Every structure is written in C-alpha cells, then in structure tokens.
Amino acid sequence: MKTNFLILSFILLFSSITNGQRFISAHEDSLLNLLSERNQSMGSVAVLTDGNVLYAKSFGYRETSPEKLPSDIKTHYRIGSISKMFTTVLIMQMVEKGKISLATTLDKYYPSVPNSGKITIGEMLSHRSGIHSFTNDSLYMTYYQKPMTHDQMLDIISKNKPDFEPDTKADYSNTNFYLLGLIVEKLYGKPYGEVLKNQICSKIGLSQTYYGAKTDLNKNECYSFEYINDWVKQPETDMSIPHGAGSIVSTPSDLTKFIYALFNGKLISQQSLDQMTTIKDNFGLGMLQFPYDDKKVYGHTGGIDGFSSVLCYVPEDKVAFAVCSNGTRYKLNDILLSTVNNYYGVPDKLPEFTTYAVKAEDLVKYEGVYACPDIPIKVTIKSRDGKLFGQGTDQPEIPLESTEEDVFTFQQAGIVMRFQPDNNTFILEQGGGKFTFKKE
C-alpha cells in the first residue's frame, strides 16, 4: 500500500543460476539470525517445493515493549498488496461462472466513479483504468487509522479526477483493488472476509490466512516497527480502508501454499491463470513478473504500515518463496535474493554491517532543504536526538544511518547519501542512479 522514499520500484531478482537445486538450511539460519542480532530486520521466511514446505523460520519479535515477544513460524503478518492476488482469484472465479466478465464496465456497480462507463474490470485488474490511487493523496494520512464506511471511501474516490484515459497506459492504483473488493462482496453477497475463507482458504487448507482487523497479540499477530535507535512501533492502518487492495493477514508458509495452489489448478482454470500471467506494461491481472536469470518468476510485493512482504513462484521448478517482515532496515529484496540463491546453489556471502559514530552536534552541518534539477522532489534533512532524518516532498520521514564519514544510508530502500558539506551538496545513490542535490 505504501511507496518507498523518492523512487518506487518493484522487487527485482538478479543472479546467475547453477544447475543444482539444493537448500542449505544452516546458511539461511545464519542470515536470518544475523539480521535479528544486528537489529536489521524482523520477520519470517518460507520455501515450498512441489506442494511441501521445505523451510520455514521466524526471526525477531512481534512485540518489543513492555516485554519482547518472539515471533514464530505461525505469527501472522499484514501482507499489504499481496492481497491483490487473492482479490484477483475471487474475481476470476466469478468470471468462470459467468457472473461477470473482464469486459464488464465499472458503471454497472459504481457509476459515480469518473470514467466508470469506459473502465472495464480487466483494466482495473491490470492497473490500466486511470483511476487515481487514494493512497497518493496527502488527505490519506488524515484518515488511514480511522474506520471508514464504503460510502465514505466511495465519496473520496469519486471526487478524484482520473490520472489518464482508460487503457492508454498502466499505473499502479490501490483504488482499483479497493473497488474490486467491494465488487467481490456484491457478486458473492457476503463480506469479503467470509468470501476469502470459503472460496480460497477452506478449499486449499490455509488456516493462518484471513481478513485483518486491529492487531491482537493473543492471536499470534504482530505489530510493525521502524528502527530509530531502537524498534519503534508504527501506527496501524484501519483495515476497512485497504479492503481488497491490502487487507489480508497471513504467514509465509500459507502464502507459498496459496501461490502453489493457484499455479496448479486448485483455484482457477489454466485459461484464467494464463490471463493473470500475461504481462503488459509490467502488470498482469493482479500479478507481477520478476526477473531471475532466464526463469519466469511470478508473484507480488506488499507494504503497509511498517510491514513489507514478497511472494513469488517459479512454475518450471514448482518452487515458491515468501518473506514477511514487520520491521526492516535491510532490503527485503536482498533477503529474498539470498533465499532464492540458496535454493539454486548460487554462492552467497552473509552481509557485513558497518557503522560510523557521529556526534550530535556534527549533524547540524547536513541540515537543510536540498533540490535536484533531475528529480521534481525536494529533500529536507533534519537532525533530532542524535540522529539524522530525510524527508522528500509528500513522503514520510526516514531515519538515516551513518556508515562512514559524511555517508548515510537507508538500507530498506537501497538509498545512499554522500554528503559534501563544503559544497552544500549530497549525492543520492539508488537503483543504480546517482543524483546531485544542492542546498537551497
């Protein structure tokens, strides 16, 4: 549901595959234990092969204060936008029954949405509708923790202007899947959570997957955290808001079982699956495709509050990977990549973490508002309580960690900032790009 600082990018896997397929549990244990010990990440990982869970491990905590409660492999995580895959399956099931079609237009259900007469269900599933994403508005931060009725959300959605004409391009929009979640309820005549249970979870034995509510530690659910000198609990999105776009709670093991069932005919037909996995302008129907050498890898990523997650499947090898985190400074992609490399026998070293001590009074020289002619976003740098923070225009504030003199990082998004105080500039490195920002 959320975006990264400055640059939004999907998780990508790059590596070279050797012939052997083996998984060294001890190596994976060492990685996850290291991340936990160095306060780099908390969460859970699962690997499934040919329908059976090969590996599952949890690391870190589901609560850190007033007492630390360790997580386990049955701890439940908010999975954010991976929920979109579930919503898509529920829609495709009704397409197969003739209750709706991909060519059905949105005005049949919600005529108040701009362009609804021209927007099809298929375009919504593939992010080609042009419907503006309500999570991109500054107003969103004023209500995301509050219960919202469908009518209240529809009023917000209906007031937003389209971002583009339907089917002229693709652009990610959570609003598409919020509305699709409501359509699921209309088609089945039941609440989304009940439909999810009946049509997916009960059919394939997902006992740890359900529509979320306020976090309940007694149900082995976990809070999410951001690391600012220590793990700091994050505010909770009220689950009435993401709905079909990001309302589901699950575990990595259940997620791997879900995607295995999806690709092996347990939930929808091969024809429907082929439609889901047909990629155009980076999107399928509720589906993404990731690169890993010459293999086709399908799945989705998710992010909500301090949670981040990824689920992927390699059809030719019938292997699934899932990572769910309730707090991370270390890139989720790197955890996933290390896990995938482990399965395919690709040599992979454990990460090394370095820190550099900076006095609080020395952080002042980095403060200011910086701009770059190549990026339409200004970055404000502030110091507080002996830590440095960065904030892009209309972006959440992020903590920056000192790794060497004049160099600060935000590992979760792969950001490196190399400050040049004498020139009042810093160089931002992210995703292979380098951008020079100058203090105004």
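User: What should I know about the model before we start?
Analyst: It is predicted, so local features need pLDDT of at least 70, side-chain atom pairs count only at pLDDT 80 or more, and totals for chains, interfaces and linings use all residues. Residues are numbered from 1 along each chain as its sequence is written, and side-chain values use heavy atoms, leaving out hydrogens and water.

User: Why is the pair Phe 86 and Phe 258 called stacked?
Analyst: Rings of Phe, Tyr and Trp (its six-membered ring) pair if their centres lie within 6.5 Å; planes under 30 degrees apart count as stacked, over 60 as edge-to-face and the rest as tilted. Here the centres are 3.8 Å apart and the planes at 10 degrees, so the pair is stacked. Phe 86 is in helix H2 (residues 83-96) and Phe 258 in helix H8 (residues 252-263), 172 residues apart; helices are DSSP runs of H or I with at least four residues, numbered from the N terminus.

User: What makes Phe 86 buried?
Analyst: Buried means under 20% relative accessible area (1.4 Å probe, protein chains only), with exposed over 50% and partly exposed in between. Phe 86 has 0%, so it is buried. Phe 258 also has 0% and is buried.

User: Why is the pair Phe 134 and Tyr 140 called tilted?
Analyst: The centres are 5.9 Å apart and the planes at 55 degrees, so this pair is tilted. Both residues are buried.

User: How many aromatic pairs does the rule give?
Analyst: The count comes to 23.

Notes
Helices (H or I, at least four residues) and strands (E, at least two) are DSSP runs, numbered from the N terminus.
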